[in-house]
Amino acid sequence: MDRDKMAENGEAHSLAPATEIPQLLEMYNRALDDAAALPIFFVKIPCRASRWRLLKRLAVLPRLTLGTHTLLVRHIDRNLATIIRHQSVKGALGHLTEAQARDRDSCTAFRNSLPPARLALVVIGVAVSATIIALLLSSIPKRLFARAFPGEGFDRAFQAVAAELLDLATGGGGGDLMNALGGAMKLGVQGVLALLSVMLITSYLIARPLVSAFRIKRQILCLADQDVLDVKDTASSWYVNKSTGAYTQERKVSAVLGLRRTPTERPLDLAILSFPALCALLLTAAYAWITGRRLVEDYLAQKPSFDDSWFLAFFPIPCLFIWLASLWLLRFKWLHNTWRGRQGTTPAPPLVYATSSGDYVESRPIAEAVAWPLASGPVFFTLLTYPLVGAVHFHRLVLTGDRLRAEAARREGRSHRKGHPVLATAAFVSVLATPIVVSVHLWRLCALLGRCRTARRYRAFAIPACLLLTSVMPLAYVPWTNVWWIAFWGMLFALPTLIYPLLIAAIQKCQNHLVQAFATPVPYGQCEKARPHRCLPLNAEKGSENGPSDCAG
């Protein structure tokens, strides 16, 4: 009886791959056709789904496609090889059914029919880029490192070592590894660091274009489960942290086959983008350590009294280090969230939604929103630079909030006076009215959330933040003379670096919740008024009539 049940379960288990694997092969075939139809070098793809009309043309940027076809072929070949290997093991053990044998034969035939990877174009492009970049960077020591590396023969020795390594890397018919290593050792520690820096920068500049090709490959695979839209109809930023389409089908096949290890995609783009952040974080820590140690040594050598000059020289160092370290750690946080979004099946921001009037709204990652005020300027200049740097980002927040208020008024059956996002952005840029505009925008979004804990908490934070930021501006220009008053002045001037990110994070979190409550998801991250396209039928009854009923957390 147990054997009969096992046979029935095995037969039922074998029926699923017969339907899942052919669908996966159809998606792969559609993805290959889309990749073959792309231009060889560049294609124009929209960056955002909802665009500001004044910058509509700038939102459609050219993307490098060189290497997209090669990456796609290697992705398909690797996944099919895993499926074929698993089925072959089952066949050798005598556990393979007829349906599974047909699936294995289909995968083998499809894998054998894969087009050849365009490695020649990629190799030529990499070799030419490496030669040009290395030649340009090899002239840096003579101009920039003259003070750091004194000596008449340094530049000549550096050029000789760079030439040896360049011949080795590009196959220029010369170059000796031992001679290059011997010449590098003669340059000393500083020379080796300079040579290593040039090599690392060259490697990054060569690998950076692969990020665009890799993301276009992911966008093609995410669109492989339909044949209506292509990469020109959808926003490229929508697919950075998502794995839909063919990726979803790959997970289904892996679950049906019972693979112990699901084939995963190597995050090539995230690895390349994490390299400059890691180097910058290490350089920031080294700079803070060397500078702080030098100041302390000078102070101990001279043994003066605790005067204002030493304190003013030392005080900005920890502030600057904390600011730079926060930037790079925030970058790593974004990369980690992107990687987690690709692993799971739950959609992560950015997500595109459409209201009942046809307007598009977007939910964006909170880490991305926080980065604008944090990266707008050094610690002591955020109060002045953020209104100028973050004007476009804040305009998108105001435009999204106005569309959400219009949708809420439409559901409640009352009239809505259209806002003026341009005037609000102009007041935001004025610096003097920036705290008031940001706090008022947060207050109006909390009104849409209703009576919940999150709305009360954000309202309680908006008013003191507005008053504190408004009072900081006149105090920042008072000519303090005492060292402790100067320290207090520095803390006040650095306060907006902490408050503005918190305000923008609260605004973005409120909008993400309201977007999900008041709008309907748009499939595949389609673009607003980019090209004629089809949308999901709008569901006007989604959510409660008065807004979201639960916004805890």
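Modeller: In this predicted model, a search of the whole structure finds 5 aromatic pairs. One of them joins Y386 and F428, whose ring centres lie 5.3 Å apart with the planes at 90°, and because planes over 60 degrees apart count as edge-to-face, this pair falls in that class.

The annotations come from an unreviewed UniProt entry, which lists "transmembrane region" for several spans, including residues 370-389 and 422-446. For residues 422-446, the end C-alpha atoms are 22 Å apart, and the span is 84% helix with 0% strand. Residues 270-290, another span listed in that entry, are 100% helix and 0% strand, with end C-alpha atoms 30 Å apart.

Turning to the helix packing, α2 (residues 68-92) and α3 (residues 98-112) pack at an angle of about 145°, their axes being 9 Å apart, and α2 passes α3 in a left-handed crossing. On the α2 side the contact is made by I76, D77, L80, A81, I83, I84, Q87, S88 and K90, which meet Q100, D103, R104, C107, T108, F110 and R111 of α3. Sorted by class, the residues of this contact are 7 nonpolar, 4 polar and 5 charged.

As for α2 itself, the helix has 25 residues and reaches 36 Å from its first C-alpha to its last, which is close to the 36 Å expected at 1.5 Å a residue. After α2 comes G94, which has a positive phi, near 80°.

Conventions:
Residues are numbered from 1 along each chain as its sequence is written. This is a predicted model: local features need pLDDT of at least 70, side-chain atom pairs count only at pLDDT 80 or more; totals for chains, interfaces and linings use all residues. Side-chain values use heavy atoms; hydrogens and water are left out. Axes are lines fitted to C-alpha atoms, for helices over the stretch in contact, and angles run from 0 to 180 degrees between N-to-C directions. Helices (H or I, at least four residues) and strands (E, at least two) are DSSP runs, numbered from the N terminus. A crossing is left-handed if the near helix is turned anticlockwise from the far one by less than a right angle, and right-handed if clockwise. Contact means heavy atoms within 4.5 Å. Ala, Val, Leu, Ile, Met, Phe, Trp, Tyr, Cys and Pro count as nonpolar, Asp, Glu, Lys and Arg as charged, and the others, Gly among them, as polar. The expected span of a helix is 1.5 Å times one less than its number of residues. UniProt positions are given in the numbering used here, feature names are shortened, and annotations may be inferred rather than shown by experiment. Rings of Phe, Tyr and Trp (its six-membered ring) pair if their centres lie within 6.5 Å; planes under 30 degrees apart count as stacked, over 60 as edge-to-face and the rest as tilted.
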